[in-house]
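Subject: A structure for you to look through

Hi there,

Here is the structure I promised to pass on to you. Have a look at it first, and then read my notes below.

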Amino acid sequence: MTPSGFNTSDLAFNLKKKLSNHSRVHSKDSHKYEVTQKTFSVGSNSNNNFCINKNAKSFACEICRKVFNQLDSLRLHLPIHAKPKAYNCEICSKALAGRSSLKTHLRIHANEKPYTCVVCGKAFRVKCTLQSHLRTHTKEKPYTCEVCGKAFTVKGTLTIHLRSHTKEKPYVCEICNQAFTFSGNLKTHLRIHTKEKPERCEVCGKEFSIRSHLKRHLLTHTKEKPYVCDICGRAFADRQNFKTHLRTHAKEKPYACDICGRAYTHRRDLKSHLRIHTKEKPYTCEFCGKAFTIRGSLTKHLRIHTKEKPYTCEVCDKSFSQHPHLKTHLRFHTKEKPYTCEVCGKAFAERGTLTRHLCTHTKEKPYTCESCGKAFRERHHLKKHSRVHIKEKPDIIEVCVKVLS
């Protein structure tokens, strides 16, 4: 459907007032578009030129469902739909507005790249893309953000950057209504619903929905870790993990909880933390129905059912279900004892052993028998003691035998 009340001349107006006055010269017809469950009229000939819900936070195009934070952004977007697409690609049936657009599009199928960079030899399908690329050599950045002053080589990059200030997320998933800043992010997100995994590892055949996930996975085969921390020497396979690691040295925690104020180095940690407040447990065990806040907790729990122990000691070949258990075990070979008692100086390989040891100094007995009230310093002592009461209650033993049988 083409909205006749709009003309591409709208694009020449940057100011809202000028566009508002100019639009009165066009059709008297009123075209309605959805605005966060409200409607506004465009092109009406009344003094109140646009009926807008002032409390509305977003404006959606009812043709393509693209969402905008500002009404002017929606107005500038609408002429895109007014252009007829009379030229169809014979190979993939894609419709294009002009002959030149079709000609450029056909280069994708022919893998033709006629525009070559004289500096580095890189080739491009479109001349304007080559012009933008040349600025990477000349260091020219003609597009400047009016909000923060940051400059960019490509106009499109500036457009995307501006959304960091406006918080605009124009790409909305039609299935779950989740909004995204970039069209590529929406395209990737849709694969969650379609279960599509187009990126395949040529080494082991494992499939991924995102190319970056495949790239990270490939490093598990090559064992390559190109990102090395200058402070502690730790190496990383993934650049983002490396950048996040640097925050641990800078004590930087940019992700703060709005409810309790607790801050985190990782965005994913904040996301997981918020579930403590919402009581949300989205990850459920398919074997026993137990639910978890974090996917990693479910992964560890599943190994109880599968008996999987993926972490193996290279010294003695003993296997463990969790990586921290392997890490602790290795200290028995290295004789490392990083946990030291501040009272007597005795050192321990495990933190839990130190905690239990401290009870010998504090005389604390945290484990109490519910039957007789007797207290113990260690859990296994309480467990051993509880057998005394079981012997006093043969009916419990009889029930246990029936359950086991």
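Arg211 is exposed, with a relative accessible area of 54%. Before going on, please keep in mind that this is a predicted model. The side chain of Arg211 meets that of Glu199 in a salt bridge, at 3.9 Å from N to O. Glu199 belongs to strand S13 (residues 199–200) and Arg211 to helix H8, so the pair ties together parts that are 12 residues apart in sequence. Is Glu199 buried or exposed? Its relative accessibility is 13%, so Glu199 counts as buried.

By the rule used here, the count comes to 3 salt bridges. Another of them joins Arg216 and Asp238, with the closest N and O atoms 3.6 Å apart. Arg216 lies in helix H8, while Asp238 sits in the loop between strand S16 (235–236) and helix H9 (239–250), so this pair ties together parts that are 22 residues apart in sequence. Arg216 counts as partly exposed, at 34% relative accessibility, whereas Asp238 is buried at 13%.

Then there is the salt bridge between Glu378 and Arg356, at 3.8 Å from N to O. Here too the pair links distant parts of the chain, 22 residues apart: Glu378 is in the loop between strand S26 (375–376) and helix H14 (379–392), and Arg356 is in helix H13 (residues 351–362). Glu378 is partly exposed, with a relative accessible area of 24%, and Arg356 is partly exposed as well, at 37%.

Next, the surface charge. Which residues gather in a patch of positive charge on the surface? They are Lys223, Lys225, Arg234 and Lys327. You can find Lys225 in the loop between helix H8 (211–222) and strand S15 (227–228). With 51% relative accessibility, Lys225 counts as exposed.

Finally, the cysteines. How many disulfides are there? The count comes to 0. Cys145 is in no disulfide, and the nearest cysteine sulfur, that of Cys148, is 3.7 Å away.

Happy exploring, and write back with any questions!

Best wishes

Methods
Residues numbered from 1 in each chain as written. Predicted model: local features only at pLDDT ≥ 70, side-chain atom pairs only at ≥ 80, totals over all residues. Heavy atoms only, no water. Disulfide = S-S within 2.5 Å. Patch = residues over 30% accessible without salt bridge, like charges linked within 9 Å, V, L, I, M, F, W, Y side chains within 5 Å. Areas by Shrake-Rupley, 256 points an atom, 1.4 Å probe, with all protein chains shown as cover. Salt bridge = Lys/Arg side-chain N within 4 Å of Asp/Glu carboxyl O. Lys, Arg positive; Asp, Glu negative; His and termini not counted. Charge placed at Lys NZ, Arg CZ, Asp CG, Glu CD. Helix = DSSP H or I, 4+ residues; strand = E, 2+ residues; numbered from the N terminus. Buried < 20%, exposed > 50% of the residue type's maximum accessible area, 1.4 Å probe, protein only.
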